Amino acid sequence: MTIMNYQDTIQYLHVCSRLGSRPGLDSIREILFRLDNPEKSLRFIHIAGTNGKGSIGCYITEMLGAAGYCVGFYTSPAVYSPCEIMRINSREISKADFAKTITTVRQVAESMVEEGLYPPTEFEILTATAYLYFAQRKCDLVVVECGMGGRLDATNVMENVEVSVLTRIDYDHMAFLGSTLSAITKEKCGILHQACPVVVYPCQEEEVYLTIVEEANKRGCRIYIPDLHALTEEGNDAEGLVFSYGPYSNLTLPMRGRHQIYNAITAVEVMHVLQKSAFSISAQAIREGLHQSRWLGRFEVLSQNPPVILDGAHNSNGVSAFIATIKQCFPGTSFIGVLGMLRDKDYGTCIQMLSEICDTLIITEVYNSRTANITELRQAAGHLPISLLTVPNPEQAVYEAFICRNSSQGIVCVGSLYNLPIYKAKCQQLLENM
């Protein structure tokens with residue numbers, strides 16, 4: 001097969017995406033076997049949870065990079081570019097390498113179909129591509145974010161795991177993971193390996209924590225949880241965060257919101273676990289790594305005056321954290337909100353939460369077959385005491401927000417990550433013309 005160019009690669013992935021999600025490990029294992037199991041040459045940090053996976057993975061990657069390690073990072077979904085989901089020391093895979101590596105995986109996938117096996121999903125293709133690329137580049141460590149769940153997630157095929165990480169766990173993907181927090185947590189705990197340490201985000205529901213303890217004990221995993229008594233918050237505004245944790249004083253983080261401090265100290269605890277395994281990570285590397293961390297689509301402030309903020313909060317826990325951050329960074333400011341969400345999310349609760357900060361909410365749709373449509377969103381809004389507008393086209397929805405706002409109002413665009421590129425491009429265009 002001739003090596004695909006970048007555009008051909010994107011078209012191929014689009015075709016694969018029509019298969020949707022298919023939890024299970026047989027297909028990804030077969031692909032990797034036919035690629036000579038590149039994952040077996042790698043050492044991993046595996047992250048599962050509902051919220052904060054990408055941010056924590058970013059912090060871990062940056063701190064290890066500052067310590068001098070070659071670190072791969074596989075995350076999903078993409079926000080602005082398909083290449084951003086595979087990084088080595090924060091540098092995205094090039095379009096040429098992306099196309100070349102996926103071409104290799106495509107050859108294997110097509111041989112499987114010819115033999116009567118199920119065609120691999122888009123996520124399985126991308127996961128195999130990431131493992132092959134990182135093995136070819138001889139990464140010292142690879143940080144991997146689960147796509148959904150944990151036990152049957154396509155990423156969950158690695159053997160050499162240095163540490164597992166469980167982020168904040170809440171209700172999400174209930175059609176696949178279960179209807180109770182305990183059931184969802186058990187699925188997330190499927191990434192735990194025998195006697196492998198696990199670092200757990202510090203603020204969990206009791207049901208979640210008890211389930212983690214039970215599942216960790218079954219596997220002989222030692223649990224590490226950040227010590228909130230060792231945390232001092234010293235600054236939290238639109239410019240970022242300043243905090244001290246244990247022996248580290250005046251740590252700076254360009255991200256915003258208290259939840260990001262908790263994400264950061266979770267990542268610091270991962271460094272402490274790695275230090276016990278003879279990884280050389282200095283206090284200076286921890287400090288520098290946090291300071292230089294950047295993560296797309298998480299409280300992106302495009303403008304301070306007027307306040308224009310993007311955030312990929314797409315479930316109730318994420319929206320709750322976003323609202324708390326808005327109140328800290330822009331106290332007393334009222335907003336016009338733009339919201340588009342997928343049908344399998346708790347969009348009714350999210351709409352109700354946004355009414356706390358929004359005088360007007362513009363509901364829109366997502367360019368994805370799983371979108372919640374305007375009728376569904378409007379019904380979920382019920383009789384909230386705010387102005388509600390319906391604009392199906394997300395680009396037009398942003399335009400209407402700018403038209404409707406008065407001089408004292410800001411704009412927030414939240415919800416599905418699939419819409420963020422549209423929101424960002426249109427907001428930047430309109431801000432330039434103000």
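**Starting in the sheet**

I began with F44, which stands opposite V142 in strand 5. Before going further, I note that this is a predicted model, where local features need pLDDT of at least 70, side-chain atom pairs count only at pLDDT 80 or more, and totals for chains, interfaces and linings use all residues. Residues are numbered from 1 along each chain as its sequence is written, and side-chain values use heavy atoms, with hydrogens and water left out.

My labels follow DSSP runs numbered from the N terminus: helices are H or I with at least four residues, strands are E with at least two. Two strands pair if DSSP finds at least two bridges between them.

Strand 1 (residues 44-48) and strand 5 (residues 141-145) run parallel, paired over four bridges. Strand 2 is also parallel to strand 5, again joined by four bridges, and there G72 stands opposite V142. On to strand 3 (residues 86-88): its pairing with strand 2 is antiparallel, over three bridges. I found R87 of strand 3 as the bridge partner of F73.

Zooming out, I get an open sheet of eight strands with mixed pairing, in the order 4-3-2-5-1-6-7-8. Its edges are strand 4 (91-92) and strand 8 (223-224), each pairing on one side only.

**What is covered**

Strand 2 (residues 71-74) is covered on both faces. V71 and F73 are buried on one side, G72 and Y74 on the other.

Next came helix 7 (residues 181-188). Six of its eight residues are buried, so helix 7 is largely enclosed by the rest of the structure. The buried ones are L181, S182, I184, T185, E187 and K188.

**Two cores**

A nonpolar core here is a set of buried Ala, Val, Leu, Ile, Met, Phe, Trp, Tyr and Cys residues joined through side-chain atoms within 4.5 Å. The largest has 42 residues, and I60, L64, F243, L274 and L290 have the most contacts inside it. Helix 9 (residues 258-276) gives the most to this core, ten residues. Apart from it lies another core of 41 residues, including Y12, L32, Y74 and L132. As background, nonpolar side chains tend to be buried together in soluble globular proteins.

I picked I31 in helix 2 (residues 26-34). I31 is buried, at a relative accessible area of 0%. What does I31 touch, not counting residues up to four places away in sequence? I listed V105, V108, M112, P120, E124 and A128, where contact means heavy atoms within 4.5 Å. I31 and V108 are 77 residues apart along the chain, yet their C-alpha atoms are separated by 6.4 Å.

Then T129, in helix 5 (residues 122-136). T129 also counts as buried, with 0% relative accessibility. Leaving aside neighbours within four places in sequence, T129 is in contact with M86, T101, I102 and V105.

**A pocket**

I looked at the second largest pocket, which holds about 260 Å³ of space. The search ran on a 1 Å grid over the protein atoms alone; a pocket is an open set of points where a 1.4 Å probe fits, with protein on both sides within 12 Å along at least five of seven lines, and lining residues have an atom within 4 Å of a point. Grid points are joined across faces, edges and corners, and the volume is the space filled by probe spheres set on the points.

Its lining has 17 residues, with C58, M255, R294, W295 and L296 nearest the centre. Helix 3 (53-66) and strand 12 (300-304) each supply at least two lining residues, and helix 3 has the largest share, three.

The peptide bond from S76 to P77 is cis, with omega near -10°. P77 sits in the loop between strand 2 and strand 3. Another cis bond joins N305 and P306, with omega about 0°.

S90 is not a glycine, yet has a positive phi of about 75°. S90 is partly exposed, at 31% relative accessible area. A278 also has a positive phi, near 75°, and counts as exposed at 71% relative accessibility.

Conventions: Buried < 20%, exposed > 50% of the residue type's maximum accessible area, 1.4 Å probe, protein only.
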